[in-house]
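Subject: Structure handover

Hello,

Here is the structure I promised to pass on. My notes follow below it.

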Amino acid sequence: MGNCCSDEVGHGAGRHSVGPAASVAEAASAAADRFLRSRGAGASTQIELSLSASILGDQEYFSKSNPMVIVYSKSNDGALEEIGRTEVILNSLNPSWNAKINLQYQFEVLQPLVFQIFDIDPQFHDVSEKMLKLEEQQFLGEAICNLSEVITKQNRLLTLKLGVSEHNLPNPSKSGELTVEAEESAGSKALMEMVFHCSDLEIKDLLSKSDPFLLISRISENGTPVPICKTEVRKNDLNPKWKPVILNLQQIGSKENSLIIECFNFSSNGKHDLVGKIVKSVAELENMYHSQDGENFFVPASTAHDCHSKEELKSQVFVEKYLENNRHTFLDYISAGCQLNLMVAIDYTASNGNPQLPDSLHYIDPSGRPNAYQRVILEIGDVLQYYDPAKRFSSWGYGARPIDGPVSHCFNLNGSTYQPEVEGIQGIMSAYISALRNVSLAGPTLFGPLISTATAIASQSLTNNQQKYFILLIVTDGVVTDFQETIDAIIKASDFPLSIVVVGVGGADFKEMEFLDPNKGGRLESSTGRVASRDVIQFAPMKDVHGAGISVVQSLLAEIPGQFMTYMRTRETQAIS
């Protein structure tokens with residue numbers, strides 16, 4: 001899931017320190033990530049749902065019901081879109097359906113599901129399930145849940161009470177249960193790791209060498225390319241070698257299916273120049289590795305009358321490494337009991353403006369409309385809360401002066417001296433509003449104390465052998481002033497089960513904050529010369545737009561499963577069977 005480039009420790013080529021060149025490379029890689037998303041790529045895993053029911057209401061006078069389930073996804077506006085249907089089970093109040101419901105699991109978004117059960121009239125038993133008109137059938141009951149509620153259960157098994165439909169369908173049953181079981185596609189566990197390098201790339205820039213990256217796409221049934229993966233950007237390099245690319249069988253369908261591998265020269269305006277491309281299956285790429293033969297790039301011939309004509313280039317691509325293996329997946333760890341624990345830190349510096357005035361970022365609208373801070377917390381909290389059964393979240397403020405006290409750069413929102421946790425997302429919201437009344441906004445903006453506090457909690461959890469991974473959300477309206485202290489804290493945090501998500505709100509210029517997000521380019525370097533063991537932090541301002549319906553928050557959350565897995569693999573942690 002997420003970007004397919006490996007972030008595992010041990011690949012020396014990926015260990016660069018921060019500096020002007022590294023910063024440019026990091027920004028380029030971030031922009032290339034947006035390019036990947038703009039062309040339709042995302043982080044997802046295919047899931048199969050198995051359904052069974054018990055104690056269904058009997059709507060028949062002379063026989064038992066003939067139940068069928070229709071599964072819908074539910075959009076933010078409440079609209080339902082059908083995902084699939086089961087077969088009809090005859091004369092059963094405790095059916096177990098054979099048909100599987102296939103859908104894509106996406107960590108970064110809520111995926112509400114609606115299950116409706118109908119009793120199919122015997123006169124329609126010769127009609128295909130897909131052709132059945134539901135208004136002609138008897139409604140037995142409905143159940144609603146989020147997909148994350150299923151996959152976070154041990155054994156990925158969730159039992160739901162059937163109830164009255166909110167859509168006012170007739171004859172609802174007030175009894176019965178529906179059991180939903182989720183299974184991850186086997187193809188998501190079969191991984192192929194490859195290292196690509198190129199030779200003699202064409203110079204595309206007038207004043208420097210090219211800045212190449214690879215984009216890998218599968219070919220859909222209608223012949224259009226669907227991006228699935230990209231490499232990092234290599235700056236000023238005509239003979240680049242990229243970090244390992246990891247694909248799974250689910251992404252490509254089959255080793256025999258053709259992939260399009262395109263080499264682009266990065267451009268800061270987003271209009272990346274095509275250097276060349278090849279079309280090869282994974283099986284053919286494996287053969288290239290064994291033979292160590294290169295493949296010449298080609299480009300469509302500009303003067304050709306035949307659209308299938310192409311011009312072969314002298315530039316070549318090589319497969320330097322090819323490995324196949326099976327690994328535990330993110331969902332394996334989650335269903336085995338590993339929890340994701342949200343931590344929240346809110347900016348109380350004076351630059352937010354007077355909370356009593358409508359132009360303040362902290363203004364609490366009497367109408368209930370959430371401000372920028374509340375929107376970020378709600379959007380991230382709504383997704384992550386299902387991965388923490390206790391739903392107790394550490395919540396801090398920073399950059400404020402408590403009553404009759406000095407400025408604090410990490411204080412508990414709930415007012416407690418020792419205990420930072422609050423109950424539920426609403427607990428965070430209540431503590432946030434309460435703190436606004438009890439502190440004076442001050443400054444400056446420091447992240448070091450927050451990250452160090454979160455790291456200490458993650459470290460203690462590790463010492464106690466708890467199966468927990470922590471996600472620290474920092475919401476800020478300005479640029480940090482403790483640059484080196486923040487970097488040192490991030491470097492230390494990279495050794496522990498922790499990811500850091502920083503979201504900028506308001507109209508500030510956050511350009512200087514980009515140093516926080518290596519984004520698969522160089523590694524941050526501490527004051528003692530140490531580099532981060534893995535990527536743990538991302539930053540984005542809320543005003544950034546990623547296109548294709550992807551919010552800033554979703555794009556940041558989409559990186560969490562990859563960071564989680566990098567940590568687990570680095571520590572050689574094994575999922576529980």
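Glu177 is partly exposed at 24% relative accessibility (buried is under 20% relative accessible area, exposed over 50%, partly exposed in between, with a 1.4 Å probe and protein chains only). Its salt-bridge partner is Lys161, with the closest N and O atoms 3.2 Å apart; a salt bridge here is a side-chain nitrogen of Lys or Arg within 4 Å of a carboxyl oxygen of Asp or Glu. The pair links distant parts of the chain, 16 residues apart, with Glu177 in strand 8 (residues 177-184) and Lys161 in strand 7 (residues 157-161). Helices (H or I, at least four residues) and strands (E, at least two) are DSSP runs, numbered from the N terminus. Lys161 counts as exposed, at 62% relative accessibility.

Before the rest, some notes on the source. This is a predicted model, in which local features need pLDDT of at least 70 and side-chain atom pairs count only at pLDDT 80 or more, while totals for chains, interfaces and linings use all residues. Residues are numbered from 1 along each chain as its sequence is written, and side-chain values use heavy atoms, with hydrogens and water left out.

Confidence

The protein has a mean pLDDT of 85, and 84% of its residues reach 70 or more; pLDDT is the predictor's confidence in each residue, from 0 to 100. Residues 34-42 have pLDDT below 50, and this stretch has 23 contacts in the model beyond near neighbours in sequence (contact means heavy atoms within 4.5 Å). Residues 573-577 are also below 50, with nine contacts beyond near neighbours in sequence. Where pLDDT is low, the predicted coordinates should not be read in detail.

Other salt bridges

The whole structure holds 15 salt bridges. One of them joins the side chains of Glu423 and Arg392, at 3.0 Å from N to O. Glu423 lies in strand 21 (residues 421-423) and Arg392 in strand 18 (residues 392-398), so this pair ties together parts that are 31 residues apart in sequence. Glu423 is exposed, with a relative accessible area of 57%, and Arg392 is partly exposed at 30%.

Glu82 and Arg85 also meet through their side chains, at 2.7 Å from N to O. Here Glu82 is partly exposed, with a relative accessible area of 38%, whereas Arg85 is buried at 19%.

Thr329

Thr329 sits in the loop between strand 16 (310-326) and helix 5 (330-335), and at 8% relative accessibility it is buried. Its side chain makes a polar contact of 2.7 Å with that of Glu184. A polar contact is a pair of N or O atoms within 3.5 Å; within protein, one must be able to donate a hydrogen and the other to accept it, and residues adjacent in sequence count only if both atoms are side-chain atoms.

Strand 2 (residues 67-74) pairs with strand 3 over five bridges, with Val71 opposite Gly84.

Strand 13 (residues 258-265) is mostly covered, seven of its eight residues being buried. Strand 13 has antiparallel pairings with strand 10 (residues 212-219) over seven bridges and with strand 14 (residues 273-281) over eight bridges. Ile260 of strand 13 stands opposite Ser217, and Leu259 has Lys280 in strand 14 as its bridge partner.

Regards

Methods: Pairing = 2+ DSSP bridges.
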